[in-house]
Amino acid sequence: MSPVPRHLLPETSAERADGSLEIGGVSTLDLAAQYGTPLFVYDEQHLRSRCREAVTSFGADRVVYATKAFLCRAMARLVHEEGLMLDVATSGELFVALSAGVPASRCVLHGNNKSLDELRFAITSGVHHINVDSFDELDRLDTLHREGLPVPRVALRITPGVEAHTHEYIATGQDDSKFGFNLANGDAARAVSRADRSPSVELMGLHCHIGSNVFAVSSFARAAEVMAAFAAPYDLPELTLGGGLGVAYVEGEQAPSISEWATVLLDACRSLGVRSAITVEPGRSIVANAAVTLYSVGTIKDIPGVRSYLSVDGGMSDNPRPVLYGSGYEAFLPRAWGADRVRAVRVVGKHCESGDILINDAMVPADTAVGDVLAMPVTGAYGYSMSSNYNMVGKPAVVFVRDGKSRLVLRRQTHEDLVALDID
Ligand SMILES: *Cc1c(COP(=O)(O)O)cnc(C)c1O
C-alpha cells in the first residue's frame, strides 16, 4: 500500500530533509519527545483555514461551531476569533466557552434533555438563543419565565424525517429519534403554534440536524427542501440546517469541501425561495483533519498464520470511535511518512479488553518496530472530546502547532488528577 494520502493530513504537513513529518513547521518526532505520547497535535493554520472557509461560504454570523467535536479554552478562543459562534449542548460546554472569554451572546444552547439548571444558567448568562427540543423543555421555559428570568430567543428543533446515510448512532433526522419535534406527526406544527403564542419565549427560527459524517450533499438538499416547505408559512428570521458534513478518514474516501457543501445548500435554499437567513453548525469538518494522534509502539506480537498485533500506549480511552462506530483510520510512521506501507497489523490499545482496537486492518512500513512513533491522522474530532479514564489511563496532552512553534493547550493528566475527585 502506498504512503498515507496527503489529503488526510493537516494542511501544513511537510517533509523534512530526513524524510520525517513536520506540522506547522514543527517536527512531529520532536513533539513526541518533548510532550510524550499519546499526543494530539493540532495544526492551528488548518483550523483557522476551515473556519475561514465556513465564514466565507456561509457569511459572517451564520456559522456556529459544534463544540462537542473538540473543545478546550484555546479552541473556543480560536473559533471565536475567526468569527464563528459556538454551539454548546450542556452547561459544561457553555461553562468552558465562557471561561475562555467567549461572550454568552456568541453561544447557542442545544440538547434533547436540558435541565432547569442548564436553561437557567444559559438564560442568566445571556446566550444568543436556545434550540428547544421538546414540549417538556417549553414547560421548563414557562417555569423560568414565572421565576422572572428574561425571555430567551429560541429556535425549535424539527425532525424532518430525512434519512441520512451514515451510522445509525449518529443519524438524527429520521422519525424514530430522541431529538426534536416530529414533523410528520404534527408535533412540529403544534410546537410552533405554542412557541409563537407563548410569553415565555421569543420564537426566532427553526432548526434541524440530519446526522453526522454525511457524505451525500444531496441529503442536505433534501432536508433543506423539507424544512423550507414546513417553514415557509411562518416566515421566521432564521433557519438552521445542521452540521454533519462528512470527512475522509481513510484512503479512497473523498468528502465534499465546506464550500461545496455551502454551494449545494445555499443553491437549494435559493431555488426553494427561502427568505430566512441560513445558519449551519459544522463540527467535524472544522476539526477532524486538523489533527493527528502520535502514539508510541510498545509491543508487537506476531501470531504466524493469524495476524500481528501492534500495541500502542493509548487506545479506546483517547479514541473510542472505532469501538463505537466501527470507524476506520490509517496509520503511518512520522519518521518516514513517505514510506510504502506493506505490513498488515491490527493496531490495538493498552486497555484490558480485546475490543480495544484502533485500526482493525492497518498497513504500516515493513521496518515498523517497538519504540517507533506511530501516527493516526484525522483524529481531531470526537477523539479527545470523547476520551475517558478507562483503566485509569490519564487523558493525553494536546498541542497546537503554528509557524515553527508548539503550544501546550491541554496538559496530560497526571496520576494525581485520577484521584482528584476522591473524598477520602
Ligand atoms: C453534532 C451536531 C453538530 C455537528 O455535527 P458534525 O457532524 O460534527 O458537523 C451540529 N449540530 C448539532 C445539533 C449536533 O448535534
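Mentor: Here is a walk through the domain interface and then the salt bridges.

This is a predicted model, in which local features need pLDDT of at least 70 and side-chain atom pairs count only at pLDDT 80 or more, while totals for chains, interfaces and linings use all residues. Residues are numbered from 1 along each chain as its sequence is written, and side-chain values use heavy atoms, with hydrogens and water left out.

Let us start with the two partners. The domain assignment gives domain 1 as 6–43 + 288–418 and domain 2 as 44–284; such bounds come from an automatic or database domain assignment. Taken over C-alpha atoms, their centres are 31 Å apart. To the contact (heavy atoms within 4.5 Å), domain 1 gives 31 residues and domain 2 gives 27 residues. About 2600 Å² is buried between domain 1 and domain 2, with 57% of that from carbon and sulfur atoms. Buried area here is the accessible area (1.4 Å probe) that two parts lose on being put together, summed over both.

Now for the polar side of this interface. The rule finds 18 residue pairs in polar contact across it, both residues at pLDDT 80 or more. A polar contact is a pair of N or O atoms within 3.5 Å; within protein, one must be able to donate a hydrogen and the other to accept it, and residues adjacent in sequence count only if both atoms are side-chain atoms. On the side of domain 1 that touches domain 2, the elements giving two or more residues are β4 (39–43), α11 (321–325), β19 (397–402) and β20 (405–410). Helices (H or I, at least four residues) and strands (E, at least two) are DSSP runs, numbered from the N terminus. Strand β19 provides the largest share of that side, four residues. By class, that side has 18 nonpolar, six polar and seven charged residues, where Ala, Val, Leu, Ile, Met, Phe, Trp, Tyr, Cys and Pro count as nonpolar, Asp, Glu, Lys and Arg as charged, and the others, Gly among them, as polar.

On to the charged pairs. Four salt bridges are counted between domain 1 and domain 2; the term stands for a side-chain nitrogen of Lys or Arg within 4 Å of a carboxyl oxygen of Asp or Glu. The structure holds 27 salt bridges. Arg402 and Glu44 meet in a salt bridge, 3.1 Å from N to O. Arg402 lies in strand β19 and Glu44 in helix α2, so this pair ties together parts 358 residues apart in sequence. Glu44 is buried, with a relative accessible area of 5%, whereas Arg402 counts as partly exposed at 38% relative accessibility. Buried means under 20% relative accessible area, exposed over 50%, and partly exposed in between (1.4 Å probe, protein chains only).

Another salt bridge joins Arg50 and Glu11, whose closest N and O atoms are 3.4 Å apart. Glu238 and Arg62 also form one, at 3.0 Å from N to O. It links distant parts of the chain, with Glu238 in strand β12 (residues 238–240) and Arg62 in the loop between α2 and β5, 176 residues apart. Both Glu238 and Arg62 are buried.
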